[in-house]
Amino acid sequence: MFSSPPARFPRFFQLYFIALYEMLFVDGKEVDSYAKLLKLIKHSGETIKLSEGGGNWSAAEKERGIAQISGILRKSFKKNGQIDPSKRHWISRFENILMNSTTEQTLYDFKMGFYDLKEDAKFNSDLFNKAIKTLTAMANTHRGAVGYVIVGVCDKKASADAHKNHYDTGWIRFGSYFVNGIDKEAENHEKDTDTYFTKLTNLLKGQPISDRDKDFIGRNIFTIKYHNKTVLIISLSSGDEPSMYDGKYYTRFGSNLDEVKTQNMLEFIKRFA
């Protein structure tokens with residue numbers, strides 16, 4: 001990885017381990033050429049920049065490093081046709097997301113669901129549109145950023161209790177979050193979670209985003225079972241260029257979305273230089 005070990009070698013080792021793990025067990029790939037893989041690994045760590053100094057290691061920098069390493073090594077992998085549909089690894093990853101979100105709020109957003117809590121509720125298209133717009137803003141945080149929208153989780157107990165009272169179902173607490181799941185919402189309004197999932201993937205096709213972003217989100221939207229609750233995970237990673245939504249660029253600060261103004265466009269584009 002290096003011509004000589006750097007001071008922060010343990011962190012680099014962790015990044016490589018996670019990148020390789022995700023390509024093998026998350027993306028369902030296998031090594032196509034070990035010789036090529038070793039050649040790509042050689043001195044590749046010298047192209048990955050980590051912040052100097054001690055202290056906490058930010059989730060954003062971890063995600064960026066993992067994405068960079070995956071990009072370098074991907075050419076030595078091929079699909080093995082054995083992707084695990086259960087996504088079991090996402091159980092622990094899901095809990096990591098919940099923990100990381102408390103310090104990296106810009107890259108995480110949580111939704112109770114896409115229906116209002118009333119009997120004759122219609123699908124809230126505006127809320128879904130905003131979720132996709134939020135993903136593009138997250139991806140615009142910096143090169144290598146990965147944003148997540150998690151559906152079926154409340155970040156306030158009052159919301160979780162309102163969901164519980166409406167659907168007569170409980171929630172599971174993890175840290176400061178309340179996992180309510182999408183099960184009851186899906187059953188009440190869309191027959192089941194499979195129909196619910198199909199509805200969202202079809203709606204994605206009509207979103208005013210690039211084909212690249214549609215493809216990425218389409219391949220990275222799935223459900224997991226967290227205990228007895230179904231949670232929907234949607235993610236978007238930044239590309240070589242900023243992501244647009246309906247012809248405009250957006251960024252996210254905390255939970256706020258801001259359109260990039262003309263006078264700030266140059267500094268914004270530099271994030272991807």
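**Rings, charges and a buried glycine**

Me: Which residue lies over the face of Phe123?
Reply: This is a predicted model. A charge sits over a ring only if it is within 6 Å of the ring centre. Here the distance is 5.1 Å, and the residue over the face of Phe123 is Lys199.

Me: Over which ring does the charged end of Lys133 sit?
Reply: The cut-off is again 6 Å from the ring centre. The charged end of Lys133 is 4.8 Å from the centre of its ring. That ring belongs to Tyr250.

Me: How many aromatic pairs are there?
Reply: Rings pair if their centres lie within 6.5 Å. By this rule, the count of aromatic pairs is 10.

Me: Is the pair of Tyr115 and Phe123 stacked or edge-to-face?
Reply: The ring centres of Tyr115 and Phe123 are 5.5 Å apart, and their planes stand at 80°. Planes over 60 degrees apart count as edge-to-face. So the pair of Tyr115 and Phe123 is edge-to-face.

Me: Which residues do ring pairs link into a cluster?
Reply: Tyr115 and Phe123 are both buried. Both also belong to a cluster linked by ring pairs. Its members are Phe114, Tyr115, Phe123 and Phe128.

Me: What is the angle between the planes of Tyr249 and Phe268?
Reply: These two rings are 5.3 Å apart, centre to centre. Their pair links distant parts of the chain, with Tyr249 in strand S11 and Phe268 in helix H10, 19 residues apart. The pair is tilted, and the angle between the planes is 50°.

Me: Is Phe268 buried or exposed?
Reply: Buried means under 20% relative accessible area. Phe268 has 2%, so Phe268 is buried.

Me: Why does Gly144 count as buried?
Reply: Gly144 is found in the loop between helix H5 and strand S4. The cut-off for buried is under 20% relative accessible area. Gly144 counts as buried because its relative accessibility is 7%.

Me: How far apart in space are Gly144 and Glu61?
Reply: In sequence, Gly144 and Glu61 are 83 residues apart. Leaving aside neighbours within four places in sequence, Gly144 is in contact with Glu63, Arg64, Ala67 and Ser238. From C-alpha to C-alpha, the distance between Gly144 and Glu61 is 8.7 Å.

Notes. Residues are numbered from 1 along each chain as its sequence is written. This is a predicted model: local features need pLDDT of at least 70, side-chain atom pairs count only at pLDDT 80 or more; totals for chains, interfaces and linings use all residues. Side-chain values use heavy atoms; hydrogens and water are left out. Helices (H or I, at least four residues) and strands (E, at least two) are DSSP runs, numbered from the N terminus. Buried means under 20% relative accessible area, exposed over 50%, partly exposed in between (1.4 Å probe, protein chains only). Contact means heavy atoms within 4.5 Å. Rings of Phe, Tyr and Trp (its six-membered ring) pair if their centres lie within 6.5 Å; planes under 30 degrees apart count as stacked, over 60 as edge-to-face and the rest as tilted. A charge sits over a ring if NZ of Lys or CZ of Arg is within 6 Å of the ring centre and within 35 degrees of the ring normal.
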